[in-house]
Amino acid sequence: MDTHLNEKESLELIGKMINSAKNNLQKGLGDIFLLWGYLVAIVSLSIFILLVVLPGESSYYSFFLWSMMAIGVPFHISLIRKMEQQKLVKTYIDKIMGSVWIAFTISVITMMAGILITTVLVLPSFTEVEPGHEFLRWIPWTLFTPFMLCLYGFALFVSGKAYQFKPLVTGGIICWIATLVLLVSFHHPHLLKIQEFVLFVAVIFGFIIPGHLLRKKENGHV
Amino acid sequence: MYKELDPVLHSQLRLAIMSILISTEEADFVFIRENTGATSGNLSVQLDKLKEAGYIEITKTFRGKIPRTICKKTPAGLEAFEKYVETLKSYIGLE
């Protein structure tokens, strides 16, 4: 088939084809949201419960559960590989959104590295704490959750607008509200418990619900 | 005096292929076939014509064990497409 067209038909064909490639959601995106969503939800809820149940300073050891996040990395890499293999088209939105999420990951890693250096190297060199109160040096970590959620809200909001998918936009707004709640509750004696619980709630709206809805949309049910 | 429309682009399937590649970074053979409704044989022929004109690049790779063909527009292809649309506009009196 090598049909020639008149001018009007040519313009209509161009418009139709351009639209077919627009907002093409990548298959597998929902699985990535669900992987990190359930992992963060399980860890934050477990830490919250341990903080409530365990007595005194011993409860702070529950924060080591965050090291479980490393479990997600190999699964993440395998899901990305699967996505790359299944992908039939790469739009400019995919390219820009890929960069936004890479920027988010680099920002989170930078914050973690900075806080880790100050906790392990800088603070012990410049401050003295009473024996048994070493946990005080870990205080800078209380800033990590609100800042991470704020950045996450940013990436989620931009993705939602780019793919015209409202649950991501709503998730982003909820993450910003969660950030605000965490930053204004710094004075609270139960700050750590509040942080883990708010993170758990934010993750449900920011990762898990959009993840399930994305999967439905990918399978053509929405 | 009307300018002449680029004969490489002024064909239904080749124009459809170029329109998809204009709006994407790259597209798989299967994606183009599904969206244009063309047969594999005809699509291959038209892709080769676009490649010969220097308008697209074709990369052959593997997805697991399945071969795949990825198509991408070239700067010359983009320029030709823009020129084609400008000429079309002059034909229908938009300019």
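Start by selecting G64(B): in this predicted model, the glycine takes a positive phi near 65°. G64(B) belongs to the hairpin of strand 2 and strand 3 of chain B, which has two residues between the strands. Strands here are DSSP runs of E with at least two residues, helices are runs of H or I with at least four, and both are numbered from the N terminus. Local features need pLDDT of at least 70 and side-chain atom pairs count only at pLDDT 80 or more, while totals for chains, interfaces and linings use all residues. Residues are numbered from 1 along each chain as its sequence is written, and chains are lettered from A and ligands numbered from 1 in the order in which they are written.

Strand 2 (residues 56-63) and strand 3 (residues 66-73) of chain B run antiparallel, joined by eight bridges; two strands pair if DSSP finds at least two bridges between them. Click R63(B) to find its bridge partner I66(B) in strand 3, then T59(B), which stands opposite I70(B).

Which order do its four strands take? The order is 1(A)-1(B)-3(B)-2(B), in an open sheet with antiparallel pairing. Strand 1 of chain A and strand 2 of chain B are the edge strands, each pairing on one side only. Helix 3 (residues 40-52) of chain B packs on this sheet, touching strand 2 and strand 3 of chain B.

Move on to where the chains meet. Strand 1 of chain A is joined to strand 1 (residues 24-28) of chain B by three bridges, and K90(A) has E26(B) as its bridge partner. Across the two chains, 23 residues of chain A are in contact with 25 residues of chain B (C-beta atoms, placed from the backbone, within 7 Å). Helix 1 of chain A gives the largest share of chain A's side, nine residues.

Then select helix 1 (residues 12-22) of chain B. Buried or exposed, how do most of its residues lie? Nine of its eleven residues are buried, including L13(B), I17(B) and L21(B). A residue is buried if 20 or more other C-beta atoms, placed from the backbone, lie within 10 Å of its own.

Finish in chain A with helix 2 (residues 29-53) and helix 7 (residues 191-218). Their axes are 8 Å apart, at an angle of about 160°. The two helices are therefore roughly antiparallel (over 145 degrees, on a scale from 0 to 180 between N-to-C directions, with axes fitted to C-alpha atoms over the stretch in contact).

Note on methods
Parallel < 35°, antiparallel > 145°, perpendicular 65-115°, else oblique. Buried ≥ 20, exposed ≤ 12 C-beta atoms within 10 Å, placed from the backbone.
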